[in-house]
Amino acid sequence: MDARPPSVGDVALLYREAVVASSDAFAWQDIRAIHLQHSLNEMVVPASDSHCLMLNLSAPLLLHARHGKGNCDGLVRAGEVLLFLP
């Protein structure tokens with residue numbers, strides 16, 4: 001199977017050491033899953049024109065995200081879900 005090529009500004013490339021698992025090797029179409037685990041209390045998510053679903057399973061995280069034409073800056077608490085739409 002062909003692995004999915006990373007996009008420019010890919011969050012998995014920005015936080016390589018935090019990637020626990022990824023669906024990239026499965027070559028799924030139109031969906032990608034990445035599990036990140038890190039000790040940061042702040043995270044920058046690069047701009048993207050794709051939908052993005054984020055679930056925080058850990059400590060509160062200060063998030064700075066640029067998505068499509070919108071921005072998201074704020075605290076994401078454990079158990080909270082964010083959905084970014086382009």
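**Exercise 1.** Where is the place of Asn56? Determine also whether Asn56 is buried or exposed, and which backbone atoms its side chain reaches.

*Solution.* The model is predicted: local features need pLDDT of at least 70, side-chain atom pairs count only at pLDDT 80 or more, and totals for chains, interfaces and linings use all residues. Residues are numbered from 1 along each chain as its sequence is written, and side-chain values use heavy atoms, with hydrogens and water left out.

Step 1. Asn56 sits in the loop between strand E4 (52-55) and strand E5 (61-67); strands are DSSP runs of at least two residues, numbered from the N terminus.

Step 2. With a relative accessible area of 7%, Asn56 is buried (under 20% relative accessible area, 1.4 Å probe, protein chains only).

Step 3. A polar atom of the Asn56 side chain lies 3.0 Å from the backbone nitrogen of Ser58. The side chain of Asn56 also reaches the backbone oxygen of Ala59, at 3.1 Å.

Step 4. Neighbours within four places in sequence aside, Asn56 is in contact (heavy atoms within 4.5 Å) with Leu61, Val76, Arg77, Ala78, Gly79 and Glu80.

**Exercise 2.** Locate Ser23 and state which residues Ser23 touches.

*Solution.* Step 1. Ser23 belongs to the loop between strand E1 (19-22) and strand E2 (34-36).

Step 2. The relative accessibility of Ser23 is 5%, so Ser23 counts as buried.

Step 3. Not counting residues up to four places away in sequence, Ser23 touches Trp28, Ile31, Arg32 and Ala33. For Ala33, ten residues from Ser23 along the chain, the separation of the C-alpha atoms is 5.3 Å.

Technical notes: Helix = DSSP H or I, 4+ residues; strand = E, 2+ residues; numbered from the N terminus. Buried < 20%, exposed > 50% of the residue type's maximum accessible area, 1.4 Å probe, protein only. Polar contact = N/O pair within 3.5 Å; in protein donor to acceptor, adjacent residues only side chain to side chain.
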